[in-house]
Amino acid sequence: MYGKVAVIAASLGVIGALGAAPAFAQERTVKITGFGAKSGVVRVFGINSEAALKAAAEEINKAGGVTLGDGTKGRFAIEFLDDRCNAEEGISVVRRIASSDAFVAVGPTCSNVAESLFGILQKKVGDASDTGLQFPIIADVAAKGGLAKISEWAFRNVPSEFEMYKSLFAWLKTQHPDLKTIWGGVEKDFAHSNATFGVMKSQAETNGLKVLGQSEWLLADTTFSTQVREMRRANPDIVAISAHPFTTCGVLKEMDRQGVKPKLLIGLTSSSSIETLQGCAKQAEGIIIPTSFAPVTPEAKKAAEQVAKLGGSADLHSAAAYEIMFILKDVIEKQKIMAKADTVQADRVKMREGLAALKETNGLLGKVGRTPDREAIKPFLFVHAKDGSWQVLYKPAS
Amino acid sequence: MLDLIDALQSVADGVLFGATYALLGIGFTLIFGVMHKINLSYAAASIGAAYASLLLLAGVKAPPVLVFLMAAACGGVIGALVYFVAFRFIPLANPLATLMSTVGLLLLIDEIVVHATAGVPLNYPALFSDVVIRAGAFNLRGDLMFVFALGCVAMVLLWALLYRTRLGIATRAVSQQPVAAQLCGISIDGVNILTFVITGVLGGLAGAMTGAAIGVLSPLLSLPLTVKGLIVTVIGGLGSIPGAIVAGLLVGGIENVVQFFRGVSERDLYVMMLLFAFLVFRPGGLFAPAAGRD
C-alpha cells in the first residue's frame with residue numbers, strides 16, 4: 001500500500017516539476033553587486049547597506065521580479081563585496097565587478113573611496129581618448145558633496161547635506177529667534193565631517209548666528225577636556241558637532257562632566273543612527289539632526305522592518321541602498337536591459353543612459369528629484385534624540 | 001589669568017588621563033622586561049578584553065566594578081592566548097618574527113572586535129564619573145583620579161610580586177639569566193605564560209579604565225593606544241615599571257598642553273618629537289634598568 005502511495009506521490013512530483021519547468025526557464029537571475037566597508041570601524045555601514053539591498057531585492061522578487069528586455073522575468077540576486085573603506089581596495093573591487101557580467105554596481109560607503117573610484121571611470125561618455133572604465137556606479141552612502149560630477153558614469157542617491165543644513169538653520173531662525181551665538185565642533189581628520197562643518201558654519205552665518213569659534217579633534221581621539229573648556233568659556237547658545245558617533249559621544253560626555261549645557265545641540269547627519277544612542281543616549285538627549293530617513297511613511301516603516309529582519313538597520317544611508325534597487329528595477333525595465341552575458345557592454349550603456357535620464361524617482365519619504373550632475377534631491381526631516389530614540393521633530397515642506 | 005588656569009587645567013586633565021597610558025605602558029614594559037620582546041598586540045588585547053567584559057555581561061545589569069573585574073579576567077585569558085599564538089611556537093631568537101606575529105595579532109584582535117560589534121561604539125560604565133573635585137575654576141575628574149590611583153596600586157602590587165614572591169624571583173631570574181634559571185629548575189615556559197597572564201589582567205584593567213575614562217569603547221582605540229603605549233615604554237625606559245608610570249603621566253600632560261597652545265593638528269607632532277629626542281639623547285629612557293641578560 002505504502003509502495004503504491006510513494007509511486008503516485010513521486011509521479012505527481014515529476015509531473016509538477018515538468019509543469020513548472022517552463023516557468024523557471026522564463027526566469028533569469030539578475031545579479032546586482034554592492035560594495036562598501038564590511039570590515040574595519042565602519043563595518044556597520046556595509047552590513048546595513050547589504051541588508052537593505054537584499055531586503056529590497058526580496059521585496060521586488062516577491063512582487064514578480066523585474067521584466068527584462070526580451071520579456072523574461074528576472075529575479076534579483078545580491079552580492080556584496082568588502083572594500084574596507086580603502087580607496088585602493090575599492091578600485092580593485094570595482095575592477096573585479098566590471099570584469100564580470102555585472103552591468104551596474106552599488107556603492108561605496110566612504111567618500112574617500114568614491115572620490116578615487118569615480119576618478120578611474122571615463123569622465124565624459126563617448127570620449128574615445130579617455131580609456132577610463134565604462135561602468136555605471138550608483139552610490140548609496142558616500143556623503144561628501146558633489147562627487148558624481150567626477151564622471152558621467154557616476155551617480156548618487158545620497159541626500160544633499162547643503163540643502164539639509166540650509167533648511168535646518170533657516171527653521172531654527174524662525175523657531176528660536178532668541179538664539180544668537182553658535183560654537184562648532186569638528187572631527188578635523190575626516191573628510192565628511194570637515195566638509196559638512198563648512199556647510200553648517202556658512203548656513204549659521206547666513207541665518208544671522210554669530211560663530212564664536214570652533215573646537216577641533218581627531219577621529220580616534222580619547223580626551224576632549226581642552227576642547228570642551230573652550231566651548232564652556234565661549235558660552236554659546238548653540239553647539240553644532242560635525243563628527244561621527246564615537247567622538248560625538250566622547251564630546252557630549254565631556255560636556256556633561258563640565259556642565260556645558262547649550263540651549264540647542266546640532267549633530268552630523270551620520271550621527272542620527274543607533275550607534276549614537278548605544279554610545280550616549282543620555283547625553284545626546286535633545287540633539288537635532290537632519291536626516292533623509294525616518295520610519296514615518298508606510299513604505300519607510302515596511303523597509304525598516306525588512307532591513308531589520310536581515311540583520312541591518314535602516315538609516316539615511318541604508319535607506320538610500322533600498323531605494324536604489326527600485327531605481328535599478330525601473331531603469332532595467334524602461335531601457336530593456338537583457339542581463340545576459342553577451343549583452344553586458346550594451347546593458348552597461350543602457351543602464352548609464354537610463355540613470356542619466358531620470359528626472360525623479362520614488363523614495364521612501366516621497367519623490368526624489370535628480371539633478372543634471374547625477375545627484376539626488378531627497379526629501380528630509382529633522383529628528384531629535386528623545387527618551388533614547390530618534391523622533392521626528394519637524395518635516396520641512398518639500 | 002583665565003588662560004593660566006586653563007593651561008594648568010589642561011596639564012591636570014592630561015596627567016590624569018595619562019594614567020591610562022601608564023597602565024598600558026606597564027604591560028608593554030613588563031613583557032619586554034621578562035622576554036625582551038615587544039608585544040604590539042597588547043593595546044588591542046586590552047581593548048578586546050574591555051569589549052569582552054561588556055559582551056559577556058550583556059543583558060545583566062552588572063555594577064561597574066564587576067565589569068572591570070570581568071575585563072581583567074578576560075585580559076588574562078587573552079594574554080595567555082596571545083602568548084601561545086604569537087610567541088610560544090615562534091622562534092624567539094629572531095626578534096622580527098615575534099614582532100610581526102604580534103602585528104598580525106593586533107589586526108586580528110581588532111577585526112574580531114569589529115566583527116563581534118559591527119564596529120559600533122559601546123557605552124562603557126565608569127566609577128566616580130559624577131565626582132568632580134572643584135577649586136574655583138579648577139577641577140579634577142573623580143573617575144580619572146580613580147584610574148590614577150589604580151595605576152599606582154598596580155605598580156605597588158607588581159613591585160611586590162616581582163621582589164617579594166618566589167614567582168617574582170623566578171621571573172627576574174628568567175629575565176636576567178634564562179639559561180641559568182632553567183638549570184635551576186625554573187620553567188621558562190611557565191614564567192612566560194604567567195607574565196602574559198599577569199600583563200593580560202593588567203591590560204584588561206587598562207582597557208576597562210580607558211573605556212571608563214572616555215565613556216565609550218570603539219575599535220578605533222587600538223592603534224592610537226598601541227602607539228601611545230610604545231612611546232610611554234620607550235620614554236619610561238624599556239623594562240622599567242616606575243618609568244612607564246611617570247612616562248604615561250608625562251605624555252598625557254604634554255599632549256594636552258600642546259593641544260591647548262598649538263591645537264589638535266600639531267599635538268601628535270610634538271609627542272613624536274619628544275620620542276625622537278629620547279631615542280637620540282636618552283635611548284635608555286627615564287628609568288632604564290641595568291642590563292643583565294645573557
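**Note on the predicted model: sheet, core, domains and backbone features**

1. G369(A) has I377(A) of β14(A) as its bridge partner. The model is a predicted one. Strand β13 of chain A, covering residues 366-370, pairs with β14(A) in the antiparallel sense, and 2 bridges join them.

2. The sheet to which this pair belongs is open and consists of 3 strands of chain A, in the order β12-β13-β14, with antiparallel pairing. Its edges are formed by β12 (360-363) and β14 (376-377) of chain A; each has a single partner strand, so one side of each has no neighbour in the sheet.

3. The largest nonpolar core comprises 204 residues. Those with the most contacts inside this core are A52(A), L53(A) and Y322(A) from chain A, together with L23(B), A71(B) and L205(B) from chain B. Helix α1 of chain B (residues 2-35) supplies the largest share of the core, namely 14 residues. The core lies between domain 1 (24-159 + 296-380) and domain 2 (161-291) of chain A, because both domains give residues to it.

4. Neighbours within four places in sequence aside, its contacts are I32(A), G34(A), I78(A), F80(A), V106(A), A321(A) and M325(A).

5. Chain A is divided into two parts: domain 1, made of 24-159 + 296-380, and domain 2, made of 161-291. A distance of 31 Å separates the C-alpha centres of domain 1 and domain 2 of chain A. Their contact involves 12 residues from domain 1 of chain A and 15 residues from domain 2 of chain A. On the domain 1 side of this contact in chain A, 6 residues are nonpolar, 4 polar and 2 charged.

6. The peptide bond between G107(A) and P108(A) is cis, with omega about 0 degrees. P108(A) is placed in the loop that runs between β4 (105-106) and α4 (111-119) of chain A.

7. C85(A) counts as buried because it has 23 C-beta neighbours inside 10 Å.

How values were computed
Residues numbered from 1 in each chain as written. Chains lettered and ligands numbered in written order. Predicted model: local features only at pLDDT ≥ 70, side-chain atom pairs only at ≥ 80, totals over all residues. Core = buried A, V, L, I, M, F, W, Y, C linked by C-beta atoms within 7 Å. Buried ≥ 20, exposed ≤ 12 C-beta atoms within 10 Å, placed from the backbone. Helix = DSSP H or I, 4+ residues; strand = E, 2+ residues; numbered from the N terminus. Domains from an automatic or database assignment. Contact = placed C-beta atoms within 7 Å. Nonpolar A, V, L, I, M, F, W, Y, C, P; charged D, E, K, R; others polar. Pairing = 2+ DSSP bridges.
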